[in-house]
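Good morning, everyone, and thank you for making time for this short talk.

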Amino acid sequence: MGNGWFDFNAAGALHPYIGGGIGGARVEVRDFSAQSAGGGGFTDDDIVLAYQGGVGINFDITDRTTIDLGYRYFATEDPGYSTSGGEFDFEYEQHVALLSLRYVFAPTGRTDSDGDGVPDVLDKCPNTPAGAPVDSSGCPLDSDGDGVPDYQDKCPNTAAGVAVGSDGCPLDADGDGVPDYLDECPNTPAAAVVNDKGCPTVVDSDGDGVPDDRDQCPDTPAGVPVTSSGCAAEQVAILEGVKFEFNSTTLTNNTETILDETAQTLQDSPGFRIELSGNTDSIGSDSYNQQLSQARAESARSYLVNKGIDPSRIEAVGYGESRPIAPNANPDGSDNPEGRAKNRRTEFKILGQ
């Protein structure tokens, strides 16, 4: 017989099969009744076409040992015989139920090196991490099709076509919590409060085009030109955080960040000129405080010029202790540290365009 069998779920431990075959059979007949009656009897045989079909299920006990539970139907074309009494035909068929144990001596190719349930011979991703769910080819599942396998995907239901990071979550370039594919305001400043569309929720109270959270002059008159920081001509903003070493013109470390923002404002606001003013508290003589405030204003101006700002756009002025914004002393004559700290300041005044 030449047989062909097809295994379903060949990679699994339990695999049904179906098949059949065709070939030849020698069918012999003997007349035993005639022999028992004392006659000569007869014996004859015929070679005929044979065929079979079968179904079953295999259960793999080990990589090489299999239990086979199956059914076979075997039949032939009718064999013919000749006797002294003439010619006659038989019909031959058989039905077989079988339970067998099969052992394969040669290598089976069913080794599963990474233990994902897919044998190496079928495994297209042979080094899958232990425990990662895989498809029939042995590759990690990627349910949302974002290119990041499920076992690494922290956002497993990403919409189709959305760009994601290595963790499988949609990209959020400006870090506002709204993914890029939903973000209608993709360049929101850091720490800005945004709505579900990624746009700042802060209002622009004075209508100058600069949101309140970035507006250093929130009461600008309507319709006048303003800098990118929201200030118009003659308006003054205190450069909070611009500090100097005690009794010195040396900028403190955290001051540079504030002046960098000022430089950026001037770069973003071409044509505007500013007055950079220094102010002190009342400790020391008037003349000394005047000189110190002027030197500090010049120091801040030099920093901005070194950042590429045209020197003609910045006027440095020292006002000393002449323009306090808080009491230097309490009503009883005692020192007022909080007031003095407020008076030691650097201001940014718009001179116009």
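I will begin with the chain as a whole, then turn to its disulfides, and end with one threonine.

Before that, a word on the source: this is a predicted model, in which local features need pLDDT of at least 70 and side-chain atom pairs count only at pLDDT 80 or more, while totals for chains, interfaces and linings use all residues. Residues are numbered from 1 along each chain as its sequence is written, and side-chain values use heavy atoms, with hydrogens and water left out.

The chain holds four helices and 11 strands, where helices (H or I, at least four residues) and strands (E, at least two) are DSSP runs numbered from the N terminus. Its radius of gyration is 47 Å, well over the 20 Å that the globule rule gives for 353 residues, so the chain is more spread out than a compact globule. That radius is taken over C-alpha atoms, and the globule rule is 2.2 Å times the number of residues to the power 0.38. You can compare this with the C-alpha trace, which spans about 155 × 40 × 40 Å along its principal axes.

How much of the chain counts as buried? The share is 34% of the 353 residues, with buried meaning under 20% relative accessible area, exposed over 50%, and partly exposed in between (1.4 Å probe, protein chains only). The accessible surface of the chain comes to about 20,100 Å², and 54% of that belongs to carbon and sulfur atoms; such areas come from the Shrake-Rupley method with a 1.4 Å probe, and for residues only the protein chains shown count as cover. If we take contacts (heavy atoms within 4.5 Å) between residues at least 6 apart in sequence, 44% of them join residues at least 24 apart.

Now to the cysteines. A disulfide here is a pair of cysteine sulfur atoms within 2.5 Å, and by this rule the count comes to four. When the bonded cysteines are numbered in sequence order, the pairing is 1-2, 3-4, 5-6, 7-8.

Let me take three of these bonds in turn. Cysteine 125 is joined to cysteine 139, with an S to S distance of 1.9 Å. Both cysteine 125 and cysteine 139 lie in the loop between β7 (93-103) and β8 (236-238), so the pair ties together parts that are 14 residues apart in sequence. The torsion about this S-S bond is about 80 degrees, so the disulfide is right-handed. Cysteine 125 is partly exposed at 22% relative accessible area, whereas cysteine 139 is buried at 17%.

Cysteine 185 is bonded to cysteine 199, again with S to S 1.9 Å, and the torsion of about 85 degrees makes this disulfide right-handed. Here cysteine 185 is partly exposed at 24%, and cysteine 199 is buried at 15%.

Cysteine 217 and cysteine 231 are both buried.

Finally, which residues does threonine 265 touch, leaving aside its neighbours within four places in sequence? This threonine lies in helix α2 (residues 255-268) and is buried, with a relative accessible area of 11%. Threonine 265 is in contact with Thr227, Ser228 and Ser229.
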